[in-house]
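Student: I would like a close look at one part of this structure, residue by residue. Please keep it plain and tell me where each residue sits and what surrounds it.

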Amino acid sequence: MDFRIEPLPGSYSFGAVIAALEPEEIADERVRRRLYDLWVDKGVVVFKGLSDLRTQLDLSEIFGEPEIHPLLEGIERPREHFVIAEIEYDQDDGDIYRVDGELRGGYLPWHFDLAYVDRINHGGILRAAVLPSRGGQTGFIDGIAAYDALPSDLQERIEGLNVIHHFLADAAQMKFGPKPDECLRLSRVIRLAADHPSVANPVVHPLVFTQKETGRKVVNVSPWHAVAIEGMENDEGDALLAEVIDRIVEPELAYFHEWEMDDMVLWDNWRMLHCAAGIPPGEQRKMRRTTIAGDYALGRRLPGAHRSEDGDRRRD
């Protein structure tokens with residue numbers, strides 16, 4: 001095993017960088033075990049010098065079975081591979097938000113994938129196909145490091161609580177955490193996703209859970225999709241959830257990856273929040289992502305929702 005393991009740029013308790021890994025080494029069982037253990041320990045792994053589809057698929061299979069993203073099921077569009085989610089922004093289609101007074105294409109706020117369904121995929125690997133001349137960073141926040149940074153009294157207050165999540169297409173309507181000033185356009189894909197049957201029901205996830213392999217506590221909330229604390233759907237509960245979210249999205253907890261064309265980034269979706277910083281609206285950014293199957297078996301569905309005449313979803 002000649003590849004190198006290095007820390008992320010900056011001072012972080014999570015994350016690692018893999019350099020000089022050759023694609024043919026991926027079949028080696030010793031390499032696969034070392035990479036899997038690193039993923040469990042560090043949460044996010046940046047692979048340098050790897051850039052093709054076959055390598056992305058082979059890498060993904062180390063950590064679980066690649067699967068089609070559930071919101072792509074039933075959407076007919078050509079794709080590079082059936083398990084690849086094509087995350088794309090160009091000037092003809094793509095979300096445009098105003099963030100801190102600046103227009104950004106392809107902006108996504110802090111979230112974890114599939115927070116709005118009960119079965120949470122275990123991870124993903126992202127690679128770049130087209131990069132803009134500036135912008136386009138992907139941010140990561142570790143739920144383990146974020147939990148450890150909470151005051152002990154706040155840790156005690158949130159133990160055993162659950163958070164209701166629901167799909168929200170327009171991030172400018174987020175209830176908690178930093179959000180864009182306004183939405184100017186939503187992409188066709190996210191507009192279709194808003195009507196997908198898998199997101200009709202609100203779901204509940206624990207606000208804190210324990211990583212089975214290590215016994216470490218994880219703070220577990222998706223700011224983009226959070227609705228309320230279950231059983232505390234009131235001002236007191238909202239204030240508590242807002243305090244937790246504001247603390248875990250502090251800038252010093254976040255690593256922002258500066259993309260190069262030969263990068264792949266793996267993350268553990270059961271512990272990492274991520275976001276997309278966005279790009280100038282006149283540029284392009286095209287990413288290719290695998291969804292790594294899994295289920296931490298802690299989520300559950302609530303009774304359904306219906307869509308009102310003004311387009312908002314209401315609880316039954």
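Tutor: E243 counts as partly exposed because its relative accessibility is 29%, and partly exposed covers the range between under 20% (buried) and over 50% (exposed). The model is a predicted one. E243 belongs to helix 6, which covers residues 235–248. Setting aside neighbours within four places in sequence, E243 has contacts with L154 and R157. R4 is 239 residues from E243 in sequence, and the C-alpha atoms of the two are 39 Å apart in space.

G43 is in the loop between helix 1 (29–42) and strand 3 (44–48). Its relative accessibility is 0%, so G43 counts as buried. Between G43 and R271 there are 228 places in sequence, yet the C-alpha to C-alpha distance is 7.0 Å. R271 is also on the list of residues that G43 touches, along with L38, L266, W267, D268 and M272, when residues up to four places away in sequence are not counted.

One of those contacts, D268, lies in strand 18, residues 263–268. D268 is buried and has no salt bridge. The nearest side chain of opposite charge to D268 is that of R271, at 5.1 Å; a salt bridge needs a side-chain nitrogen of Lys or Arg within 4 Å of a carboxyl oxygen of Asp or Glu. Apart from neighbours within four places in sequence, D268 contacts W39, H122 and Q211 as well as G43.

How values were computed. Residues are numbered from 1 along each chain as its sequence is written. This is a predicted model: local features need pLDDT of at least 70, side-chain atom pairs count only at pLDDT 80 or more; totals for chains, interfaces and linings use all residues. Side-chain values use heavy atoms; hydrogens and water are left out. Helices (H or I, at least four residues) and strands (E, at least two) are DSSP runs, numbered from the N terminus. Buried means under 20% relative accessible area, exposed over 50%, partly exposed in between (1.4 Å probe, protein chains only). Lys and Arg count as positive and Asp and Glu as negative; His and the chain ends are not counted. Contact means heavy atoms within 4.5 Å.
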